[in-house]
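Reader: I would like to learn how to read a few local features of a protein model, taking them one at a time. Could you show me the structure and then take me through it?

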Amino acid sequence: MWRKFEVEDVEMFIDSLPEAEFAKVKIDYKGRLYNTDDYKAVVKKGSGYLYSIVGNRYVIVQHKEVIKAVEQVIESYNLKPKMRIATVNTKTGVRVFYDVIFEDTKIDGEKLMFGIRVSNSYNGKSSISINGMGIRDVCSNLMVFGTDLMAEWIIHAGKPLDKLIKQILPNTMETLVTIQDVIKAAMKETISPNEILEFVKSLKVSKKMAKRILSYIRTETGVSFEKAMAENIDLNRWGVYNAFTRALTHDTRNLSQETVHELNKRVSKLIAVQTG
């Protein structure tokens, strides 16, 4: 089960994060158990809950270390975040998403907030990552900006976290300013219903989710998808993007937040239009 909440006490939140540790792995071959030095188990400290099986070179980076490093860099730049939001798997704690909002602004009268999303995982697959992100004030729709819009920073274990984040943060903040221009351009652009349909298919989501996304198009653009298809009406690109983010924010109870995160990054391609 995933829980999303505003972080009011950073130190308390950091202390609450689960830690991981290594455990030995044995291989069962024809009913006999053999020790191996080639693999290790990553387990939840204190309970032994299995997170993943990894190679012997894998290095654990604790959630606490990542969030502490982020907060130290924020303090070093004397930044004053407006909000911090955490998304955590409350059952296992395998992955944490940490959103830090630095700015709110209005673009053509619409209030939007921008910041960074930091993620760490014990699943043996995902490294520490930093993405630009945003929240649309109306309906609190989450936006995560993929590589079609800006760089996604990947930090591998063993690297000096604080130094790397100190380099990454200014670059991300600078790019978020250009994202505002991209959004402004998308508000004036259109997209055809056939393009929308093909994009939905490319996401490979369930039929139920695809139907929900398309149903929100009427809410966000004022024109139903069915009417747009029947009459070949091009729809506002920003409105269509909001239909996707609305569904991914509010209708994903049966999806893991890892999946939602990846879908959000892919969906941001919809507003990757030329500016200027």
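Author: Leu197 is found in helix α4, where a helix is a DSSP run of H or I with at least four residues, a strand is a run of E with at least two, and both are numbered from the N terminus. This is a predicted model, in which local features need pLDDT of at least 70 and side-chain atom pairs count only at pLDDT 80 or more, while totals for chains, interfaces and linings use all residues. Residues are numbered from 1 along each chain as its sequence is written, and side-chain values use heavy atoms, with hydrogens and water left out.

Reader: How should I read the packing of helix α4 with helix α8?

Author: Two packed helices are described by the angle between their axes and the distance between the axes. The axes are lines fitted to C-alpha atoms, for helices over the stretch in contact, and angles run from 0 to 180 degrees between N-to-C directions. Helix α4 (residues 193-203) and helix α8 (residues 257-267) pack at an angle of about 150° with their axes 11 Å apart, which makes α4 roughly antiparallel to α8; under 35 degrees counts as roughly parallel, over 145 as roughly antiparallel, 65 to 115 as roughly perpendicular and the rest as oblique. In this contact Phe199, Ser202 and Leu203 of α4 meet Leu263, Arg266 and Val267 of α8.

Reader: At what angle do the axes of α2 and α3 cross?

Author: The axes of helix α2 (residues 63-76) and helix α3 (residues 161-186) cross at roughly 50° and come within 9 Å, so α2 and α3 are oblique to each other. The contact is made by residues including Val66, Ala69 and Val73 of α2 and Leu161, Ile165 and Leu169 of α3.

Reader: What should I look for in a pair of aromatic rings, such as Phe13 and Tyr98?

Author: A pair of aromatic rings is described by the distance of the centres and the angle of the planes. Rings of Phe, Tyr and Trp (its six-membered ring) pair if their centres lie within 6.5 Å, and planes under 30 degrees apart count as stacked, over 60 as edge-to-face and the rest as tilted. By this rule the count comes to eight aromatic pairs. In one of them, the rings of Phe13 and Tyr98 have centres 5.6 Å apart and planes at 5°, so the pair is stacked. This pair links distant parts of the chain, with Phe13 in helix α1 (residues 10-16) and Tyr98 in strand β6 (residues 95-107), 85 residues apart. Phe13 counts as buried at 5% relative accessibility, and Tyr98 is buried at 0%.

How values were computed: Contact means heavy atoms within 4.5 Å. Buried means under 20% relative accessible area, exposed over 50%, partly exposed in between (1.4 Å probe, protein chains only).
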